[in-house]
Amino acid sequence: MIKKLKLVAFSILILFIFSCKRNSQENNVPEQVKVHPAWIMQGNIYEVNVRQYTPEGTFNAFAKHLDRLKDMGVQTVWFMPINPISKKDRKGTLGSYYAVADYTSLNPEFGSMDDWRNLVKTIHEKGMKVIIDWVPNHTGADHRWLTTHPDFFCQRQQGQSGRDDGLD
């Protein structure tokens, strides 16, 4: 019985995948936008959690490890969110990187904007690339957009911005 259910579910999935029509707007996208840059198709990407990478948890402390990462074959350094972390409704004492309090600022715990610029410059000088994990659908509970632009967000039945599935 379970094998039959798996087969049926798999068949439905295959039918769904092949029956989906392409979005007509997709045809208006220039071809160069549809193609990934060559460097992203192959190579080593290393994800960095700045806060936990070193005891100091700063950009400057992390920078001291770049030569080792380069020697390991890292080609792209992917930073977890580097924005300030929401204080309201935190899970635990540190909060989640993904509960962003301000998308236009750096987390001051990591260092200054000059520290960040110097780190990115150093990474580039070593021939590596930089990616920042920017996740706007994880806005923190005290982000100003929740009050200045509530229409950007789903509304709970009580009229508060946020998800209604109990997962926030």
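Trainee: What share of the 168 residues in the protein chain is buried?
Mentor: Please keep in mind that this is a predicted model, and that a residue is called buried when its relative accessible area is under 20%. By that criterion, the buried share of the 168 residues in the protein chain is 27%.

Trainee: How much of the accessible surface of the protein chain belongs to carbon and sulfur atoms?
Mentor: The accessible surface of the protein chain comes to about 12,100 Å². Of that area, the part belonging to carbon and sulfur atoms is 57%.

Trainee: In which pattern do the helices and strands follow one another along the protein chain?
Mentor: There are eight helices and three strands in the protein chain. Among the contacts with a separation of 6 or more, 63% are between residues 24 or more positions apart. Read along the sequence, the pattern is α-α-α-β-α-α-α-β-α-β-α.

Trainee: Which element gives the most residues to the largest nonpolar core?
Mentor: The largest nonpolar core has 21 residues, and those with the most contacts inside it are Phe59, Phe62, Val77, Phe79, Trp116 and Leu119. Two or more residues each come from helix H4 (50-53), helix H5 (59-63), helix H6 (66-71), strand S2 (74-79) and helix H7 (113-125). The element that gives the most to this core, with four residues, is H7.

Trainee: Which residues does Leu119 contact, once neighbours within four places in sequence are left aside?
Mentor: Leu119 is one of the residues with the most contacts inside the largest nonpolar core. With its neighbours within four places in sequence left aside, the contacts of Leu119 are Phe59, Phe62, Ala63, Leu66 and Phe79.

Trainee: Why is the pair of Tyr46 and Tyr53 edge-to-face?
Mentor: The structure holds seven aromatic pairs. In the pair of Tyr46 and Tyr53, the ring centres are 6.3 Å apart, and a pair counts as edge-to-face when its planes are over 60 degrees apart. The pair is therefore edge-to-face, as the angle between the planes is 80°.

Trainee: Are Tyr46 and Tyr53 buried or partly exposed?
Mentor: The cut-off for buried is under 20% relative accessible area. Tyr46 is partly exposed because its relative accessibility is 23%, whereas Tyr53, with a relative accessible area of 19%, is buried.

Trainee: How many residues apart are Phe59 and Trp116, which form a tilted aromatic pair?
Mentor: The ring centres of Phe59 and Trp116 are 5.1 Å apart, with 50° between the planes, and both residues are buried. Ring pairs also link them with Tyr46, Tyr53, Phe62, Phe79 and Phe110 into a cluster. Phe59 lies in helix H5 and Trp116 in helix H7, so that the pair links distant parts of the chain, 57 residues apart.

Trainee: Which helix gives the most to the nonpolar patch on the surface?
Mentor: The patch is formed by Trp39, Ile40, Met41, Ile45 and Trp78, with about 470 Å² of accessible area together. Ile40, one of these residues, is partly exposed at a relative accessible area of 34%. With three residues, the helix that gives the most to the patch is H3.

Trainee: Which residues does Asn107 contact, leaving aside its neighbours within four places in sequence?
Mentor: Asn107 is placed in the loop between S2 and H7, and it counts as buried because its relative accessibility is 2%. Apart from neighbours within four places in sequence, Asn107 is in contact with Ile82, Asn83, Pro84 and Ile85.

Note on methods. Residues are numbered from 1 along each chain as its sequence is written. This is a predicted model: local features need pLDDT of at least 70, side-chain atom pairs count only at pLDDT 80 or more; totals for chains, interfaces and linings use all residues. Side-chain values use heavy atoms; hydrogens and water are left out. Patches are made of residues with over 30% relative accessible area and no salt bridge: like charges are joined within 9 Å, nonpolar side chains (Val, Leu, Ile, Met, Phe, Trp, Tyr) within 5 Å. Accessible areas come from the Shrake-Rupley method with a 1.4 Å probe; for residues, only the protein chains shown count as cover. A salt bridge is a side-chain nitrogen of Lys or Arg within 4 Å of a carboxyl oxygen of Asp or Glu. Buried means under 20% relative accessible area, exposed over 50%, partly exposed in between (1.4 Å probe, protein chains only). A nonpolar core is a set of buried Ala, Val, Leu, Ile, Met, Phe, Trp, Tyr and Cys residues joined through side-chain atoms within 4.5 Å. Contact means heavy atoms within 4.5 Å. Rings of Phe, Tyr and Trp (its six-membered ring) pair if their centres lie within 6.5 Å; planes under 30 degrees apart count as stacked, over 60 as edge-to-face and the rest as tilted.
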